[in-house]
Amino acid sequence: MQNTLEVTMNSPPKPQNSLSDRKSVNKTAKQRALGPRSPKYWARRVFLGRTTRRGKVYVTANYYVKIQHAGQRELFCLNTADKAAAIALAEEIYFLIHSGPDGWQQALGKYRKQMLGRQDDPTIGDYLKAVKELSGMAPDTFAGYARKLRRVASEIFATEHIRQANKYDAKKHGRAKWVEEVEKIPLRVLTDEAIRRWQVAYVTARQDNPVNEKRARHTVDSVLRSCKCLFAKKVVKWAKHLRLPEPLPFRDLELMTRGLSSFRYRSTIDPLALLAAARVELRSAKPECYKIFLLALGGGLRRMEIDRLLWTSVLVRESKIRIQLHEFFSPKSKYSEADVAVEKELIDELLALRQLDDVFVIRSDNAPRNSVTYRHYRAEQDFTELCAWLRGKGVKAICPIHTLRKEYGRLLTEGYGIYAASIALRHSSVQVTATFYADDTRRIVPSLLGRKSLSQADLPTTQLTPTGSIVAA
């Protein structure tokens, strides 16, 4: 009996046949069978985030999955644009949630760390507030950088509340709600991997058209440069009181375009013919458009410089236009403040259209607005009309008025060299001029076949036969 008792005590306990235990065993078996045997099941449940703006549907870069269990439902960002990888990750999360009583806690801790984080993790709103209050950045510059940061964050971390808010609806407070939701996003969400996936997905979605793909690369780089400025060393030091993630967002990311821009200016217009048409069609009918045209093509001025140009800045005797700081205008940079030499005839044309009570060179009933954080133009209507006129004359660029400035730079490059053009355009370096503006349309070819040392007999010639074929003579 003793031996029998010992055997009984040391043997494993018999399995329980209770209903709850049988359900648990069957549920586990069902879960194991569900994954590898049913890929279509998960293919129907992972999805790309979508949002509608002005009737157009936009799709996020990464896949998401919603999982519900034990009365709890959560959305997981799978941080991948590859559907096969998203399906595999969704299965992992699902099985982890069903692994035990603490399944939800384990899944959230492992796959939503960037969403949970710590209570003292700063949000995007916390960081922007600190930068705005302490960095001393110009309001319009800060506003532009902040808009691009919110754009990236909202497309990487597109929650249901963010997708439902209409960021273009300012009248019904849709914009304010969208900003509020985006600024709740933890800063730690902006990892290098997540941002890089957003870059690649944005460009990949436009690969069906080479032109759109190039534009997408430049758009991505423009956004990235602005966000990098928000996390530069001289800016971050004012937010050290926050528990910033390490490494900092955007710090080590590279641009997708390097070297010469694929949108480097290529001249396709005849400036003399365009000037002749402007004199006939704009000078009397639309004098403000004509003045804008002259200042852009003949002086290379930027749109805001034209819009806020005072008559006191037109130096008649010196035939110069002075770009300087005044109560209605702040130059783009320290390099922008300079005297621009123009033709005497251009000054004469402007003076001929001047009225005695004019303060600004471009007349407008709208007063300048200095307190806004967007680019406000007094003569917006005149700029719009001139753009339409230029497009009718064959200037098909996205920014026709800025194309006139680039044409001005081309003319100076051909006549006086790229350094002179860079000085006149008031760029920070010659590299900027070479990358975006310089275009030399002169036909410069090496002198080889035309040299006098070669006789005509040495050069091959060709002629057409009566049938149209080419033969060597």
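In what sense do E4 and E5 pair, and over how many bridges? E4 and E5 pair in the antiparallel sense, over two bridges. Two strands count as paired if DSSP finds at least two bridges between them. Strands (E, at least two residues) are DSSP runs, numbered from the N terminus.

This is a predicted model, in which local features need pLDDT of at least 70, side-chain atom pairs count only at pLDDT 80 or more, and totals for chains, interfaces and linings use all residues. Residues are numbered from 1 along each chain as its sequence is written, and side-chain values use heavy atoms, with hydrogens and water left out.

Ile321 stands opposite Val340 in E6. The covered face of E5 holds Ile321 and Ile323, and the uncovered one holds Lys320 and Arg322.

Together the three strands form an open antiparallel sheet in the order E4-E5-E6. Strands E4 (314–315) and E6 (338–341) stand at the edges with a single partner strand each, so one side of each has no neighbour in the sheet.

Technical notes. Helix = DSSP H or I, 4+ residues; strand = E, 2+ residues; numbered from the N terminus. Buried < 20%, exposed > 50% of the residue type's maximum accessible area, 1.4 Å probe, protein only.
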